[in-house]
Amino acid sequence: MNERKSVNFISVIGGFVFGLLVAVMGGYFVFALYAGGQRAKKTRSWVEAPCLILSSQVEERRPTPNSPIQYLAVVEYEYNFDGKTRRGNRIKRVEGPTSHRQRAQEKVADFPAGGSAVCWVNPDVPQEVILRHDSMAPLYTIWFPGLFVVGGAGIAVRALMGIRAGSGVTFRG
């Protein structure tokens, strides 16, 4: 006896759309982590240069009268590149304030005024210089949103498999 399977068209489309959304959202995070990792990786090819720390301090800022105080680690240093003495002030490629004074103090503690350090200079744009590389953690964690891409794609394919269950499939809806 030929048993007919009944598939609700709405549930097939819903399952497909849900799976597709999960895969797309996972794909977005895979892309964002990959891009962040590539930016962090880029500075590792820059040229190493010795530098002299000129000043190192924590600045307090209050962007608006009602906003909380923000603390910014400010380090100014001098380095030689291509026979020219230049100045830099960035610790990392992207630097921003924190609401925790201690975090800012920890950053400047590594670079006391009058001390020496190693900085990395972009050979294509020698004014672009940093004291620390960004973390490579985004590349190490890319597998997690990758699971959502694979799982979402699996949900979408499984939903479509309900349509291809055989010639005896009927839709109710």
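Let's start with Ser56, whose bridge partner in strand S3 is Val75. Altogether 10 bridges join S2, residues 47-61, to S3, residues 70-81, and the two strands run antiparallel. When I say that two strands pair, I mean that DSSP finds at least two bridges between them.

A quick word on what you are looking at. This is a predicted model, where local features need pLDDT of at least 70 and side-chain atom pairs count only at pLDDT 80 or more, while totals for chains, interfaces and linings use all residues. Residues are numbered from 1 along each chain as its sequence is written, and side-chain values use heavy atoms, with hydrogens and water left out.

Now back to the sheet. Which strands are in it, and in what order? It is an open sheet of 5 strands, ordered S4-S3-S2-S5-S6, with antiparallel pairing. At the edges sit S4 (84-88) and S6 (129-130), each of which pairs on one side only. For anyone who likes a reminder, strands of a sheet pair through backbone hydrogen bonds, either parallel or antiparallel.

S3 and S4 pair in the antiparallel sense over 5 bridges, and Tyr77 stands opposite Gly88 in S4. The hairpin of these two strands has 2 residues between them, and Asp82 takes a positive phi near 55° there. Helix H2, residues 101-109, lies across S2 and S3 and runs at about 15° to S3. That angle is between N-to-C directions, on a scale from 0 to 180 degrees, with axes fitted to C-alpha atoms, and for helices over the stretch in contact.

Let me zoom in on one residue of S5. Ala117 lies in that strand, which covers residues 116-121. Is Ala117 buried or exposed? At 16% relative accessibility, Ala117 counts as buried; the cut-offs are under 20% relative accessible area for buried, over 50% for exposed, and partly exposed in between, using a 1.4 Å probe and protein chains only. Leaving aside residues up to four places away in sequence, Ala117 touches Ala49, Pro50, Cys51, Ile53, Phe111 and Leu131. A contact means heavy atoms within 4.5 Å. Ala117 and Tyr79 are 38 residues apart in sequence, with their C-alpha atoms 9.7 Å apart in space.

On to the aromatics. Rings of Phe, Tyr and Trp (its six-membered ring) pair if their centres lie within 6.5 Å; planes under 30 degrees apart are stacked, over 60 edge-to-face, and the rest tilted. How many aromatic pairs does that rule give? The count comes to 4. Tyr28 and Phe29 have ring centres 5.2 Å apart and planes at 75°, so that pair is edge-to-face. Tyr28 is exposed, with a relative accessible area of 54%, whereas Phe29 counts as partly exposed at 47%. The Tyr77 and Tyr79 rings have centres 6.4 Å apart and planes at 45°, so they are tilted, and both of these tyrosines are buried. Ring pairs also link Trp143, Phe144 and Phe148 into a cluster.

Trp143 brings us to helix H4, residues 143-161. H4 has 19 residues and reaches 26 Å from its first C-alpha to its last, close to the 27 Å expected at 1.5 Å a residue, where the expected span is 1.5 Å times one less than the number of residues. Its buried residues are Pro145, Gly152, Ala156 and Ala159. Down the axis of H4, they fall within an arc of 65°, so they line one face of the helix; the arc is taken from the directions from the helix axis to the C-beta atoms. Helix H1 (9-42) is included in what covers those buried residues. The face turned away from the buried side carries the exposed residues Trp143, Val150 and Arg158.

Finally, the whole chain: it has 4 helices and 7 strands, and 30% of its 173 residues count as buried.
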